[in-house]
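Open the structure in your viewer and keep the selection tool at hand. This tour goes stop by stop.

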2 protein chains.
Amino acid sequence: MKSRQIRLAARPVGEPRASDFETGMAELDPPADGQVLLRTVYLSLDPYMRGRMNDAASYAEPWRLGDVLQGGTVCEVLESRSVALAPGDLVLAYTGWQTHAVADAEGLRRLDPAQAPVSTALGVLGMPGFTAYTGLRVIGRPQPGETVAVAAATGPVGSAVGQIARIDGARVVGIAGGPRKCRALVEDFGFDAAVDHRSPAFEADLDRALPDGVDVYFENVGGAVGQAVIERLNRFGRVPVCGVVAGANSTTPPDGPVLHAVLRHVLSRSLLIRGFLQAEFVPTHHDAFLEDMTGWIRDGSVTYREDIVEGLEAAPEAFRGLLTGRNLGKLLVRVGEDPTRVADSDAS
Amino acid sequence: MKSRQIRLAARPVGEPRASDFETGMAELDPPADGQVLLRTVYLSLDPYMRGRMNDAASYAEPWRLGDVLQGGTVCEVLESRSVALAPGDLVLAYTGWQTHAVADAEGLRRLDPAQAPVSTALGVLGMPGFTAYTGLRVIGRPQPGETVAVAAATGPVGSAVGQIARIDGARVVGIAGGPRKCRALVEDFGFDAAVDHRSPAFEADLDRALPDGVDVYFENVGGAVGQAVIERLNRFGRVPVCGVVAGANSTTPPDGPVLHAVLRHVLSRSLLIRGFLQAEFVPTHHDAFLEDMTGWIRDGSVTYREDIVEGLEAAPEAFRGLLTGRNLGKLLVRVGEDPTRVADSDAS
């Protein structure tokens, strides 16, 4: 069995270019005992991937040149040498930018298409949704009547943050790029207000949308937007930090207050800033998350949007668009046919 | 009754100068019902005072020009119109840089000289000790075997931080200016290691003193020292921030990473940064603090140093020295005779 793969050809300088990616074929070994052969149905494209393309240590090792690009996937089991899985099962995997893979059955989670569309395992019911849930519930802890702000707010993390915060009784202000996304925040996701960070009146619009300041700022972008919101935090404000994707493509350092001034601000308002990876909360909070979020989707208190592009070859260009905010909702690549779908229309 | 006062004559630009202070006399009204007339015994000089001299909002209002300078004091009751206090009682007050004052009895705490020297109510058993205790126990939470670092480590906050962290089983590294202070850290306060931030080899010395990185950095200085330690934080490192006195006299902005880079660092190591004022923890933790700290002083597991200057007139120059690190230990001004002292020798 052969797998078609997209690999890291060169480390991007600034915005990734087509030449930073290369396509190749790999011969797969047949599955050994305890392993399965998988066919990729959906590949998740996420902002964290840009950081891993750099040769800089972060919370994870950088990706190696020539390797297949990594990423979360939903796959169909084609062959199984594990009693836990059977051909035709759909699983959540981490097999990356390729059409097929062999993986240990132990690391896979079987998905139930009757519960929710399987693609949601990469979005609202997956890593992005869990990031929103734990950052908000464990770190941000909004109280009824408080104000929660979130940027990249139509994305899978931001849209879940806003909707969970509203369930918890907070007033929610979303920040997004352009009028189309701002409209979606209010009309589709039920945010109390939306602010367009591309507007020349951004700072004034932000003041108007935040008459009582900000109590929780869910940080997933950083940069100028992060700075503007952090300046507006109230005393005892909380900032869960799950990402700082702004300027990911930038080759020059951003502007902003220096560490000492940041610490002064943290001190003068008794602020809490806490970086986190969703993985650290899996043992303690994942069961509660799945139960809560599945219920919220079923009763309509949480909705989600997906932006699905067709075919593995479309992944590099779609990923470029993700970094410049082109998509609206969770960005997925349909690498192969989804056997649970009755039509080709969008699952959301 | 007249009170001799030191007032804010001008807002210091950079290092405070003698001309920023002025001495004057104020006529005090006699105490009304529920009030007492006080004679100042000790005045506390603390780094936070420099910030209040500026015309910039922080967690508190700036001091007004022409007003008597504020500050914590230990006073003797001369006259009482409250049933709660009698002449001769010693109390903890907040009457500032003056020899006498009239105050509401309700805001005063009676001190028991048999428990500990009354001057300690401004240091190890007072606001600085409570800052150390809550920042460490509520926010930093060092675990046995972890490494705790603290700057301004011979000061009343830093020395208490290090000693409490050792009681909690941590390895403790103190940072201070000059070999005399570094010796005191190890010999008097029992720190595991000391690093001189004035040494040209500071960064290399810090690496040597921190072979396992830093788990808790108790931030009370900021600036270049803060930056150096924050860079060395381990995953899940915690940074209680009680002060950023470095550069308090500076008229130019300090160097350092900008907000976006700080957030990246916070994210890549899952760090927690939390500003706090000790006052927020008084309702929940002050009783436990007094009990624990009194016990530790009695059994010798916490020691303290005081640096006492004589006479109200010495306060401005002593305060200038505080900002440049001249004193070793808690800086106090003996404004008037301490009736509980048998000799004039240092209480520590």
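Predicted model: local features only at pLDDT ≥ 70, side-chain atom pairs only at ≥ 80, totals over all residues.

**Stop 1**

Colour chain A by domain. Domain 1 covers 2-122 + 304-334, and domain 2 covers 127-279. Their C-alpha centres lie 28 Å apart.

Now show the boundary between them. Here 21 residues of domain 1 of chain A are in contact with 15 residues of domain 2 of chain A. The two domains bury about 1400 Å² between them, with 59% of it on carbon and sulfur atoms. Select Tyr59(A), Arg305(A) and Leu328(A). They supply 32% of the area that domain 1 of chain A buries against domain 2 of chain A, more than any other three residues.

**Stop 2: where chain A meets chain B**

Show both chains. In this interface, 39 residues of chain A are in contact with 39 residues of chain B. Chain A and chain B bury about 3200 Å² between them, 71% of it on carbon and sulfur atoms. Select Leu259(A), His260(A) and Leu267(A). In chain A, these lose the most area to chain B, together 22% of what that side buries.

What is the count of salt bridges between chain A and chain B? It is zero. Polar contacts do occur: the count is 11 residue pairs, both residues at pLDDT 80 or more.

Next, pick out α6, β12 (233-241), α7 (259-268) and β13 (272-275) of chain A. Each supplies at least two residues of the side that touches chain B. The largest share, eight residues, comes from α7(A). By class, the side of chain A that touches chain B has 22 nonpolar, 11 polar and six charged residues.

**Stop 3: helix α6 of chain A**

Zoom in on residues 223-231 of chain A. Seven of the nine residues of this helix are buried, so α6(A) is largely enclosed by the rest of the structure. Select Gly223(A), Val225(A), Gly226(A), Gln227(A), Ala228(A), Val229(A) and Ile230(A) to see the buried ones.

**Stop 4: salt bridges**

Side chains of opposite charge can pair when their charged atoms come close. The whole structure has 40 salt bridges over all chains.

- Select Glu146(A) and Arg238(A). Their closest N and O atoms are 2.9 Å apart in a salt bridge. Glu146(A) sits in the loop between α2 (127-140) and β8 (147-150), and Arg238(A) in strand β12, so the pair ties together parts of chain A that are 92 residues apart in sequence. Both residues are buried.
- Select Glu317(A) and Arg320(A). This salt bridge has its closest N and O atoms 2.9 Å apart. Both residues lie in helix α9 (residues 315-323) of chain A, three residues apart, about one turn of the helix. Glu317(A) is partly exposed, at 39% relative accessible area.
- Select Asp67(B) and Arg64(B). Here the closest N and O atoms of the salt bridge are 3.2 Å apart. Asp67(B) is partly exposed at 30%, and Arg64(B) is exposed at 59%.
- Select Glu203(A), Asp207(A), Glu231(A) and Arg232(A). A network of salt bridges links them.

**Stop 5**

Go to Ser44(A) in strand β3 (residues 35-44) of chain A. Is Ser44(A) buried or exposed? Its relative accessibility is 3%, so Ser44(A) counts as buried. The side chain of Ser44(A) makes a polar contact of 2.6 Å with the side chain of Lys330(A). Ser44(A) also touches other residues beyond four places away in sequence, including Met49(A), Gly72(A) and Leu122(A).

Finish at Ser119(B), in the loop between β7 (109-110) and α2 (127-140) of chain B. At 2% relative accessibility, Ser119(B) is buried. Ser119(B) and Val41(B) are 78 residues apart in sequence, and their C-alpha atoms are 8.7 Å apart in space.

Terms used
Residues numbered from 1 in each chain as written. Chains lettered and ligands numbered in written order. Heavy atoms only, no water. Helix = DSSP H or I, 4+ residues; strand = E, 2+ residues; numbered from the N terminus. Buried < 20%, exposed > 50% of the residue type's maximum accessible area, 1.4 Å probe, protein only. Domains from an automatic or database assignment. Contact = heavy atoms within 4.5 Å. Buried area = accessible area lost by both parts, 1.4 Å probe. Salt bridge = Lys/Arg side-chain N within 4 Å of Asp/Glu carboxyl O. Polar contact = N/O pair within 3.5 Å; in protein donor to acceptor, adjacent residues only side chain to side chain. Nonpolar A, V, L, I, M, F, W, Y, C, P; charged D, E, K, R; others polar.
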